[in-house]
Amino acid sequence: MSAQKDCEFLVKRARELVSEDPCAAKAWLITARTLYPADFNIQYEMYNIERNSEKTTCAGRLLYDMFMNFPDQPIVWREISVITAALRSDSQDKHSQFLRGLFETLPGRIQCEMLLKATEQCFNTLEKAEMLLLLLKRFPESVVQHGVSLGETLLEAEASENMETPVNCFRKLFVCDVLPLVINNMDMRLPVTLMQKYMLKAAEFYICYVTRGPSQDGQMHGSQDGSSLKSPSVSRGSQRYVIDGLSEKSSVVTEPWEKLLDILTVVGARCEWQGDVGQRSFVDMLLRVKELCRYRPALEADGRSRGWSQVVICATLVLFRSAFLYVSSVQPSLFQGLNALSSGPWILVEDLSSVYMDIEVERGSVKHSHKKRKLAEGREKTVSSDDEEGLGKGRGRLIMVNKTEMPGWSETLESFCTARESWELLHSHDGLESEFKKICASWKTENWLWFRIFLTDMIIYQGQYRKALSSLHQMASVQQSQLGQPSPSGQTSLEQHRALIQQASCHYALGEHRLACEKLLDLVSGLIPPNQEPARSTEDQCKVRGGKQRKANDLRLLPCTSKAILPFCLQMMLACFKPRAFTDNRDDLSLGHVVVLLQYDWPHGEVLFLKAVEKICQQGGFQYENFFNYVTNIDMLEEFAYLRTPEGGRIQLELLPNQGMLIKNPNPALGVDLNTLLLQGVQTMDRHHTVTRGITKGVKEDFRLAMERQVSRCGENLLSVLHRFCINEKIIIIQSLP
């Protein structure tokens, strides 16, 4: 008891002298340790003085002595815990750097033993894993003993914690920190099945990390350098992602595709895959496994399982990477949130560039040759455009895109082509398809909205429109399941536009024109036409290659904007009505709809309009009471006025609405030619000639006044007129189709 009091006195005396005379305090403690070498408080007080003075070497030596002589003291482990926390921390403050330097002064054997024992003191799985990871990184020889067990511990913790996403703290530590240490340690003999299991775990993590959506709970903030992804035409946007349980710095994964390729290279070498896997790109890997599939004996013999695994894993990674690159271009808001809304999505639809061109027009007609010449005066002929590029030669289909609107069009279409080839390879054999479906089930890819978008576009490309409609319904269900999560403003409406326009495109391709128009009119009702009709650029005008008609099964990537969608809807409606309008049977309602719709993109529809005029002449009459509500094109008005003259054939035209809607106020601002034609038609028409409704002199006058009124409307915004046509005449338009 007397010795204990002596020790306490010596320690107390030293503490009193520290601030005034540190050397005297150390002398007291040296004397005390000499007298009582087994007393822990004396040694700890000496360590305290050196640590507070930040004397790294002296403090490290005293810590070593305490660790060796007093391993069961809680205060020692508390101090070790503080040091290991500094080792794991990203902090660069002065004290943390001192603690790391203190640890470095310890002998390597003591560092290893200290980390092992510190790991045993941890009860939190994540903290224990981080501590053991420190050991593995500092002492690679310990990977053989602890590497696999640490990896399995992390995977088990992930499963037991029921993590909602593979992008979690446990998987991140396993994939980015533990796995590279394990697979690159050649002293370890790992089973092929285990390495393939780890490979797929890594692939799932990296793919889900890259394709993660916009922030849902405030975890994403700040800015992140878009160069973290070494992928063409891809930027992750100005957002930073923090994984729950990890620091912001630890949550960042740079160059994820490159890291995944590195892991695949090592795993392929250790699994003895055929061919040189190392230093290959993803596209090169696809070419290699396609060669393996052609070399059947290698897969049918004893090495079949190994060959199957190589093909499935490589093709799967190429598929998802290429599909991501494609979707990140056509629907960037899925990955970049608000920063990408300005670009909007791109939608794969049927190409309707030939809608005006696929009916032969007899140009020998003398009756309207004057009009053909007049319409052609001062206009350049339609020429081919360098701004329209196509790619995707599979099955003879082209995907058209305006490259001035999509600068990265080449990489986008190449990615789509590569992803499609990967998908087809994985479904070229029952064994490959079976293994691929197991991977998809494990990863729950049915909940990946971005991948469903690619699958839908691929199915449309393949021409399987029934299946595409089913895929669109699945996409809607996935979207519905995610509605509880806040979405960036405007994104929901864009998604609805995508679904409706692709459904309409599929129905049109199937010949279901009524269903197509129903979808189109639902879509148009949600659009707001631009205040001004967009100016026609060279790229907009030049849509036909060298006068040749494109194949009817070509496709187009259409930007999801009102400027692009409304004209496309008008073109598709025209394509739906055109077959009915130009059959041998008379269908004035369909023909009238065609005339109204041909106004957009004039004069591209000039040839088809002249064909309509010719059909009216052959019929000897034409009835369409909505004519003056929606036809404002001056060339069309002049042509219909001409039809009433003797030279025009005195065609019976019933274009007036009922008398209550007639326009009584003429506008004198008429062109000379049109006035001449109108008056000539009225004055010279046979007074005894009658039509179905009985045209009297008053009605003739009403027709002339209505024409005058229409001329004054020629300056109206055409898109607004046609938008009004779609809204007001929705029921009639739908009922016009079978």
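Biologist: Why is Asp601 called buried in this predicted model?

Modeller: Asp601 has a relative accessible area of 4%, and because buried means under 20%, Asp601 is counted as buried. Asp601 is placed in the loop between H27 and H28, and its phi is near 65°, a positive value in a residue other than glycine.

Biologist: Is Asn162 buried or exposed, and how do you know?

Modeller: The relative accessible area of Asn162 is 63%, and since exposed means over 50%, Asn162 is called exposed.

Biologist: Why does Gln462 count as buried?

Modeller: Gln462 has 15% relative accessibility, and the cut-off for buried is under 20%, so Gln462 falls in that class. Gln462 is found in the loop between helix H21 (449-461) and helix H22 (465-481).

Biologist: What makes the pair Gln462 and Gln464 a polar contact?

Modeller: Their side chains are joined at 3.0 Å, and because a polar contact needs a pair of N or O atoms within 3.5 Å, that value meets the distance limit.

Biologist: Which peptide bond is cis, and where is its proline placed?

Modeller: The bond from Trp602 to Pro603 is cis, with omega near 15°, and Pro603 is placed in the loop between helix H27 (588-597) and helix H28 (606-619). Most peptide bonds are trans.

Key. Residues are numbered from 1 along each chain as its sequence is written. This is a predicted model: local features need pLDDT of at least 70, side-chain atom pairs count only at pLDDT 80 or more; totals for chains, interfaces and linings use all residues. Side-chain values use heavy atoms; hydrogens and water are left out. Helices (H or I, at least four residues) and strands (E, at least two) are DSSP runs, numbered from the N terminus. Buried means under 20% relative accessible area, exposed over 50%, partly exposed in between (1.4 Å probe, protein chains only). A polar contact is a pair of N or O atoms within 3.5 Å; within protein, one must be able to donate a hydrogen and the other to accept it, and residues adjacent in sequence count only if both atoms are side-chain atoms.
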